[in-house]
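Visitor: I have the structure open. Can you walk me through it?
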Amino acid sequence: MTRASIFWRLTGLNLRHLLISPVFLVLMPLMLIWLWLTTSMPALPTLNDFFTDSVLKVAGVGAVMFAVTTFPALREVRHSHDLALPLSSALRLLSLTLASVTVTSVIMGSVAALYPLFAPVPPAGVFQPIALVGVILLSWYGPLSAVVSAVWTRSFVPLVAVGLLFPTYLLYTALALVTPADLVMEQMSRFMYLALSPLPFYPDTFETALIYLTHTLLMVLCLTLLVLAARRGARLRRVACLGVVGLSLVGLVGLQAYANDVYVDPERSPSPLPRDLAAEGCVEIGRMTYCPLPGYEPWVEHWSTELTPVVARIPDRAPLPVIWQANPTRRSDTLYTPPDGTAPVGEYWDPENPYHGMDLDSSVVAYSLGLPPYLYHLCSATGQARVVVGSWLVSRGAVHEDASTRFTAAEWFLMDYRPDLPDLSLAYLLTRLPEERVAAVIEEHWETLTSPEADLDTLTELLDLPPADELPEPDWEQAMIEPHELPYEMGEDTPLCP
Amino acid sequence: MSGVEGASGVSARGLVRTYGTRRALDGIDLDLGPGVTGLLGRNGAGKTTLMRCLSTDLEISDGELRVLDRSPERSTERTEIRRNMGYLPQNPSFYPHFTAFGLLDYMAVLKDLGGRRERHEEVRRALRRVDLYDRRHSRIRRLSGGMRQRLGLATALLGDPRLLLLDEPTVGLDPEQRIRFRDLVSELAVRSTVVLSTHQIEDVAALCRRVVCLDGGRIIFDGSPGELVDRARGRVWEQDTRPEEGVTSWRLADGRHRVLLPVGAPAPEPAPPGRVAVEPSLEDAYLLLTGAVGGGR
């Protein structure tokens with residue numbers, strides 16, 4: 001009982017000392033201000049954004065707590081060893097660790113809580129409470145690493161090394177942008193991110209959150225055992241601790257391999273569309289069906305607003321896809337092949353960002369025109385009428401209010417089908433023609449125009465325009481594509497679109 | 001508080017401590033009770049090892065040791081011993097970024113000296129006892145060597161311990177502080193066991209009712225300072241000339257020589273010029289006991 005009482009009193013004392021430590025009082029407010037200033041808040045935040053933001057904040061808070069904890073940790077390992085104190089050094093370090101992780105958790109919890117509080121709308125997605133526990137545990141790496149490095153090195157060298165990382169990073173960022181050192185820094189950044197977030201998915205389903213939590217727990221276990229293993233003169237315990245650390249590391253690697261195997265989609269073949277869309281939470285608005293992921297239902301309205309003017313210009317007899325939101329467990333959701341009959345939409349959406357709308361419009365239009373899924377299968381359709389028709393349809397999207405932004409949208413669609421100068425010139429001209437004139441031709445000659453055999457002149461004839469290769473060049477001031485880039489991007493061996 | 005509060009003292013039987021093949025302590029038998037016991041011995045005699053064993057900082061290799069009626073081998077009992085003991089190690093290494101108050105508060109927490117108010121009161125009391133109250137907010141790295149020594153003493157005094165182990169406590173103290181220190185220790189020794197390991201014979205003479213001398217890890221004398229002095233009676237004298245080799249002697253301020261005649265050695269005949277037998281001091285007796293050779297040729 002006595003030792004427990006001393007332990008808790010010491011933990012309270014450590015807690016107070018940490019909070020009034022000059023290092024804490026100076027660095028933590030600075031770090032919190034920096035984190036606040038660098039917080040990126042999308043117009044429509046998601047819980048994935050929240051998670052990514054939390055991981056970045058974990059790095060900041062953890063780094064400060066690493067510095068703050070190093071000093072008392074060295075006090076215990078370097079300065080208090082010969083005083084025959086009532087609590088052993090292991091228990092004193094445990095007490096310090098407990099105090100430090102408590103401070104870290106409270107700060108991290110508060111910082112994390114601010115994100116949904118300041119979000120313009122509630123973040124979309126489904127909340128997994130155990131994922132938040134994982135984030136809090138992740139922030140423990142800072143204080144635990146401080147204790148581990150103090151115990152094993154008994155010096156300030158690790159703190160100095162970590163302290164030098166930040167200015168070194170800034171220096172390299174400033175000086176090494178065009179040198180090979182930039183690559184080194186890029187790799188270092190990547191390594192840092194992987195160290196904090198090594199799993200290939202967001203913890204936004206119960207299974208992934210559980211894996212994430214297990215991963216962080218194993219890391220915390222490793223660091224704690226490394227502290228216990230540092231004790232001199234207890235060989236058996238040392239060997240046992242290091243043995244368990246080894247096993248935990250094997251577990252960590254195994255977990256990562258499992259996560260990579262199961263949660264990063266290795267298959268590119270599309271899966272069938274579920275038969276009961278209502279059961280999938282899908283909703284119909286007008287001619288379109290939208291299947292949002294759980295928690296993303298409010299986004300349907302945004303998608304619908306964007307698509308309505310585009311779909312209005314697609315004849316009723318043309319096929320339309322189901323809007324299918326990509327599975328959130330994949331970070332690289334652009335690699336994910338959507339089910340047949342769908343147009344995918346990602347986990348990001350900003351009504352003010354025209355490119356998000358253009359991607360959605362392009363997916364729907366490509367499907368209606370019988371082109372392969374937009375972004376997933378690159379093919380060449382140079383000189384085909386259907387891609388220019390598609391470019392005009394995409395330019396009808398809700399966010400494009402003037403001719404120049406409409407042309408940007410048209411180019412955005414064309415870029416995936418290897419456009420040449422005539423394609424671009426015709427697309428540019430269409431955005432300047434009266435909308436009803438083009439719409440009437442498309443409505444009437446849809447089957448002709450969407451055939452792969454229809455060339456540009458088929459369209460120019462229907463619109464009473466000169467042949468495509470006689471059309472004036474687009475206004476290059478308004479174009480994204482430079483004249484010397486034509487035909488755009490893809491090589492000669494790009495397959496023809498079916 | 002536990003049952004240790006009423007307990008006092010140390011009991012050691014056949015205490016052995018080895019470092020590799022070297023026996024730093026070689027069969028120590030010792031019983032210590034209230035009062036001040038001086039621990040004397042040359043460098044390497046085993047004083048600090050014995051102090052560290054008594055403080056439970058060092059495990060014994062063989063024998064039996066009980067401190068404050070508890071066994072240091074059991075972890076819960078060891079905690080109790082450490083809570084109720086004051087220990088000032090030789091050259092204590094305190095965290096330099098602590099303030100004087102912060103260090104004592106930290107130690108007071110580890111000794112479980114009550115709640116915050118009670119603990120802080122005890123810390124202030126300890127700081128006043130060593131005359132450091134005015135420097136309570138100074139960081140340790142800014143304190144002089146003597147101040148740090150007094151701070152170490154304050155850590156040992158926290159909670160009026162039943163057992164006080166002081167290893168070279170007066171190193172770096174000025175004469176005034178040493179007098180104050182003696183007064184403090186005498187006061188504590190009324191009901192506590194105090195073990196004073198030192199090379200300062202005058203501190204032992206001033207404070208100790210009992211002296212234990214170590215040599216080569218063994219006890220070579222255990223008795224009162226008077227008994228130690230008695231052993232030297234008739235073997236200390238002053239003379240005008242420097243004595244022959246092999247005799248401990250040193251030159252005095254008035255140009256005469258103080259000579260210590262080893263036990264068993266015959267007095268030189270004829271008597272050197274000006275030879276006068278003098279009353280031996282505790283230092284004379286200690287030097288004779290340990291066979292130290294001073295300035296004699």
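Visitor: Which strands does helix α1 of chain B lie across?
Guide: Helix α1 (residues 47-54) of chain B lies across β1, β2 and β4 of chain B. Its direction is about 60 degrees to β2(B). Angles run from 0 to 180 degrees between N-to-C directions, with axes fitted to C-alpha atoms, for helices over the stretch in contact. Helices (H or I, at least four residues) and strands (E, at least two) are DSSP runs, numbered from the N terminus.

Visitor: Before we go on, what kind of model is this?
Guide: It is a predicted model: local features need pLDDT of at least 70, side-chain atom pairs count only at pLDDT 80 or more, and totals for chains, interfaces and linings use all residues. Residues are numbered from 1 along each chain as its sequence is written, while chains are lettered from A and ligands numbered from 1 in the order in which they are written.

Visitor: Back to the strands. What is their order in the sheet?
Guide: β2-β1-β4 of chain B, an open sheet of 3 strands with antiparallel pairing. Two strands pair if DSSP finds at least two bridges between them. The edges are β2 (22-32) and β4 (62-67) of chain B, each pairing on one side only. Neighbouring strands are turned by 25 degrees against each other on average, direction ignored.

Visitor: How many bridges join β1 and β2 of chain B?
Guide: 8 bridges, with β1 covering residues 10-19 of chain B.

Visitor: And which residue is the bridge partner of B:Ala12?
Guide: B:Leu30, in β2(B).

Visitor: New topic. What are the domains of chain B?
Guide: Domain 1 is 1-84 + 162-223, domain 2 is 91-160 and domain 3 is 232-290. The bounds come from an automatic or database domain assignment.

Visitor: How many residues does each chain give to the contact between chains?
Guide: Chain B gives 20 residues and chain A gives 17 residues.

Conventions
Contact = placed C-beta atoms within 7 Å.
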